[in-house]
Amino acid sequence: MQETTQQIIVGLDERSYPIDIGAGLLARTPLFDNLPKQLLIVTNTVVGPLYEAQVRAQLFAHDVVTHTIDDGEGAKSLDNFGAIIDTLIAHNFNRDCAIIALGGGVVGDLAGFVAATYQRGVNFYQIPTTLLAQVDSSVGGKTAINHPGGKNLVGAFYQPQGVLIDTQCLSTLNDRDYACGLAEVVKYGIIADADFFAWLEAHQHNLNQRDSAALTYAIRRSCEIKAEVVAADEREQSVRALLNLGHTFGHAIEAAHYESWKHGEAVAAGTMIAATLMHQLGELTATELTRIETLLNGLKLPVRAPKMPLERWQTFMQRDKKVKGGTLRFVLPTAIGAACLRPISDWQAIGAAIAAMSHADARSPL
Ligand SMILES: NC(=O)c1ccc[n+]([C@@H]2O[C@H](COP(=O)([O-])OP(=O)(O)OC[C@H]3O[C@@H](n4cnc5c(N)ncnc54)[C@H](O)[C@@H]3O)[C@@H](O)[C@H]2O)c1
Ligand SMILES: [Zn+2]
């Protein structure tokens, strides 16, 4: 496969911005066009030591300050939000500054929320370093921090000025986080693009080997699909909800087993339940169901959920954002390449799909 830098544009009128994707882009000068003088890099204790020096080397003509947060979901906190604002004020950052997020989805969500609110909004750039951040969280402008009362409870829609995706950053990512990103990649194929799904089937070995040309294509196509969906429905009034395939079931698994299941793993098992439900309703063929399972399996993702009583699923799923008027709405695949959002209140049918895709020994794979 040919190695090139790919660019796609997220089309949101005056807030449109480019996403550049390629191997070795961290060594590019300039990293982004028209960066202001004052820059704050937000990173964490894992990513900073790996990539901050490379990024700083491209920013020698700027005044750069780095704010490093702890690793982990807990860092997406009100405390860290306040601490970054303190850093900006302590260094006299003005409205013309820019914030660069260097890290995974945690760093991106937190830094983006700071950018959205500091002096009512400053320039924001993303250098996502996990596969999940590259194909999902860095695209679409959702920023947020957590509250003890729940995840992402405080946030804003705030689009960046640019996103730079260096596929080489993925070489240092652990196998589990890497596979979790692939779960979201498969999701795009199922909801929107049968050809892409077939491409993933044909290139799963290249992806498992983190081949950079295969990664560049898979990331580009994922970002394109997400960008199209976001351009059509920035604030999730309609089609953007389809991006939650597998997530309603997945969130229940995560909530019940947060210590052992990662988000992407739960989404993979949740996707299997959603596909099984459609198969049992006669709207997805057995061949398609098997293809989904085989691909997720091939990408080293779990395809069975842990066993838990239906009431427990119900409790966790009722908390889902997609509950409207008491009825759960599910994102369900109608074919490989198409999905719908459908209210379903038949708990017998939901329970049958869950039971078929649960296993007493099912646990996250690694
Ligand atoms: N804004 C959105 O639209 C959106 C969408 C999906 C998820 N999210 C959010 O994203 C977060 C999850 O993101 P994530 O999966 O990237 O988690 P993460 O940011 O915690 O990164 C996962 C782990 O990988 C490490 N890491 C990052 N880059 C690395 C690299 N190149 N090499 C080695 N290690 C590296 C991190 O330090 C961390 O330990 C959640 O908070 C979730 O809510 C947001
Ligand atoms: Zn997800």
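A nitrogen atom of ligand 1 lies 2.9 Å from a polar backbone atom of Lys142, a polar contact in the sense of a pair of N or O atoms within 3.5 Å (within protein, one atom must be able to donate a hydrogen and the other to accept it, and residues adjacent in sequence count only if both atoms are side-chain atoms). Taken alone, ligand 1 exposes 860 Å², and the protein buries 85% of that, with accessible areas from the Shrake-Rupley method using a 1.4 Å probe and, for residues, only the protein chains shown as cover. This is a predicted model, in which local features need pLDDT of at least 70 and side-chain atom pairs count only at pLDDT 80 or more, whereas totals for chains, interfaces and linings use all residues. Residues are numbered from 1 along each chain as its sequence is written, chains are lettered from A and ligands numbered from 1 in the order in which they are written, and side-chain values use heavy atoms, with hydrogens and water left out.

Two further polar contacts involve oxygen atoms of the ligand: a polar side-chain atom of Thr130 is 2.6 Å from an oxygen atom of ligand 1, and a polar backbone atom of Val106 is 3.1 Å from an oxygen atom of ligand 1. Around ligand 1 there are 25 residues, the closest being Asp71, Glu73, Thr129, Thr130 and Thr172, where a residue is counted if one of its heavy atoms lies within 4 Å. This shell divides into eight nonpolar, eight polar and nine charged residues; Ala, Val, Leu, Ile, Met, Phe, Trp, Tyr, Cys and Pro count as nonpolar, Asp, Glu, Lys and Arg as charged, and the others, Gly among them, as polar. At least two shell residues each come from helix H1 (47-57), helix H3 (105-117), helix H4 (131-137) and strand E8 (150-157).

The protein chain as a whole has 13 helices and 14 strands, which are DSSP runs numbered from the N terminus (helices H or I, at least four residues; strands E, at least two). Of the 366 residues, 57% are buried, that is, under 20% relative accessible area, whereas exposed means over 50% and partly exposed in between (1.4 Å probe, protein chains only). Among contacts with a separation of 6 or more, 74% join residues 24 or more positions apart, contact meaning heavy atoms within 4.5 Å.

Helix H13 (residues 347-356) contains Ala353, which is buried at a relative accessible area of 0%. Leaving aside residues up to four places away in sequence, Ala353 touches Ile273, Thr276, Leu277 and Gln280, and its C-alpha atom is 8.7 Å from that of Met278, 75 residues apart along the chain.

Most residues other than glycine have a negative phi, and most peptide bonds are trans. Thr29 and Pro30 are joined by a cis peptide bond with omega of about -10°, and Pro30 lies in the loop between strand E2 (17-22) and strand E3 (38-44). Asp13, in the loop between strand E1 (6-10) and E2, has a positive phi of about 50° and is exposed at 69% relative accessibility. Arg120, in the loop between H3 and strand E6 (123-128), has a positive phi near 65° and is exposed, with a relative accessible area of 79%.
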